[in-house]
Amino acid sequence: MCGIVGYVGRKDAESVLTVGLQKLEYRGYDSAGIALLTNSEIVVRKKAGKIHDLINDLENNPLPKSDIGIAHTRWATHGGVCDTNAHPHPSRSGIFAVVHNGIIDNYAVLKEKLEREGYHFQSETDTEVIANLLEYNYLKEKDLLKALVRTVNELKGSFALAILFKEDPDLIIGVRKDSPLVVGLGEGENILASDPVAVLPHTKRVVYLNDGEIAFVRRSSVEFYDFNGNPVEKEVKILNYDEEDAEKGPYPHFMLKEIYEQPKVLSTNLERYVRSLRPVLLRDLNLRKLLLNKSRIIIEAAGTSYHAGLVGKYLLETYAGIPVEVEYSSEFSHKKLVTDSRTLVVAISQSGETADTIDGLRHAKKHGLEVLAIVNRPESTIARESDYVIYTNAGIEVGVASTKAYVAQVQVLTLLALELANVKGFLTEEELEGMMRHMEALPEKVERVLALDAHIEHIAERIYRSTNVMFLGRGINYPTALEGALKLKEVSYIHAIGYAAGEMKHGPLALVDNNLPVVVINPRSSVYELTVSSTHEVTARGGRVISIITEGDMRMAELSTFTVFVPDVPEFLTPIITIVPLQLLAYYAAVLRGVDPDKPRNLAKSVTVR
Ligand code: F6R
């Protein structure tokens, strides 16, 4: 939430920074702003609205040229969405300008202290407090590093900062505590950003800041310090993304591009984690001993990753015989843990930067528990702080709604469950091989679902004016119902709710009338008949059924107003094949309602606040 970028080099800083902001726009799009250092003055331009509003403003009314500056795209926390609350925030006398990602918990106390010293505030933000506190400390200390050390130690909360300092035209300062920050190392230029995607157009050589670190970024050098002001040695890493990963290409939206990338993602993980029809996650990543020593798993995750965790629970319990609990990270991280060392905590996250999930992992580690992360983004905080990591290899996911990352999470959990089942002797070699053959056929089957795109768009045309949509699933596809509902509501703003199909008769059935579209996920499975009965309960009350069912299933088709036939797969793979039409349904409903599915209101991709 909130994206920050800073540049010092030889290029036109305004264009480098605005391109950087566009790459980070998924992190928030309430307002955007830029500060440049030019002729020993800091000039600021900021605006409520999306980044293109700022760019239009800069085109109509250009800022003086400069080769150093900072910029910000905001997801509002403290203070409403308006030009004044937009970042960057200059300090009182304009010697500093600050952009910030995070929340300062003690900003009210610090603000009062500064007000007593004669400071006045223009905005309602916590960030303006940082700018003025830094100025106050600098005027006292007369030394920049000392002033910074003093300031960061006074701040409580989470903060990634980029700071421009009027007295040094060769310096941008980066600070990290509990919000991500990376420095990209170029030739005669360096760039600072919340996410490597903004660095990628310039360089693949990066240094990730750890919590409690400060970077002094200059044109031809970067120095790092800890929060005591001591120098820190850092390792240079090489990004292994391609720039096209972060481009839309021929697709109108990232969400559609990422839905279409799913067969490729599935194939990548088959290449990485399967040899001769054997999953090799436990073997190759040295996880075998770890998993065999554990008698219980707690999965902690948020949103879509939580839904992947629910599928994982089903698979790990069914095949590997290990009890699994799935907790929302935001709940887990505040819970008393009744566990022992035979409990493994699994943190699932696409971004690896979700604050709640980071808190959950730290909570687990504080209680002496080992943590295995299932993460998409390498070098993310969750990947770095966990004891063990399995990467989901979905590539950069830009659309706010998670699609390909979910499918990759479910696939990796499936491989993990099957390999563990085999190692424990619950699945014979032949059984495992048979299941893996089905898994290898999956990318092509997902391609066949994507070929139904126009048919699903047509269904979306029939439901996009609805105010409510219900999703029903049972067993391994109950999480699919939850995920289908989440996708629809977050990108189209249609109220959508997922239920376990068998729960309908215990209350939700009262919602059904002939205006309510009910999406029933009922592929061939062990709970097929029971879900047919639930579907009858809906149609008997006039509900309009949209069914996601196996090719050739005329019984369900007869009960349905619309059907999406998906290829036949064994039950353990149905969550992957059935979610794809629901992602497309949500996408087209959003587009028909005039919502940009890549940037739904009030949301941001990487939720780095608590
Ligand atoms: C929904 C969505 C969110 C994320 C959630 C966790 O489409 O993307 O619900 O799944 O914010 O994010 P990660 O997986 O990055 O921890």
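Thr38 is part of strand S2 (residues 31-38), a strand being a DSSP run of E with at least two residues, numbered from the N terminus. The model is predicted, so local features need pLDDT of at least 70, side-chain atom pairs pLDDT 80 or more, while totals for chains, interfaces and linings use all residues. Residues are numbered from 1 along each chain as its sequence is written, and side-chain values use heavy atoms, without hydrogens and water.

Q: Why is Thr38 called buried?
A: Its relative accessible area is 8%. Buried means under 20%, exposed over 50%, and partly exposed in between (1.4 Å probe, protein chains only), so Thr38 counts as buried.

Q: Which residues does Thr38 contact, leaving aside its neighbours within four places in sequence?
A: They are Val43, Pro64, Lys65 and Ser66; contact means heavy atoms within 4.5 Å.

Q: What makes H4 oblique to H5?
A: The axes of helix H4 (residues 127-141) and helix H5 (residues 144-154) cross at roughly 135° and come within 8 Å. Axes are lines fitted to C-alpha atoms, for helices over the stretch in contact, with angles from 0 to 180 degrees between N-to-C directions. Under 35 degrees is roughly parallel, over 145 roughly antiparallel, 65 to 115 roughly perpendicular, and the rest oblique. H4 is therefore oblique to H5.

Q: Why are H14 and H21 called roughly antiparallel?
A: The axes of helix H14 (residues 404-423) and helix H21 (residues 574-592) cross at roughly 170°. That angle makes the pair roughly antiparallel.

Q: Which residues of H14 meet H21?
A: Tyr406, Val407, Val410 and Gln411 in H14 meet Pro575, Ile576, Ile579 and Gln583 in H21.

Terms used. Helices (H or I, at least four residues) and strands (E, at least two) are DSSP runs, numbered from the N terminus.
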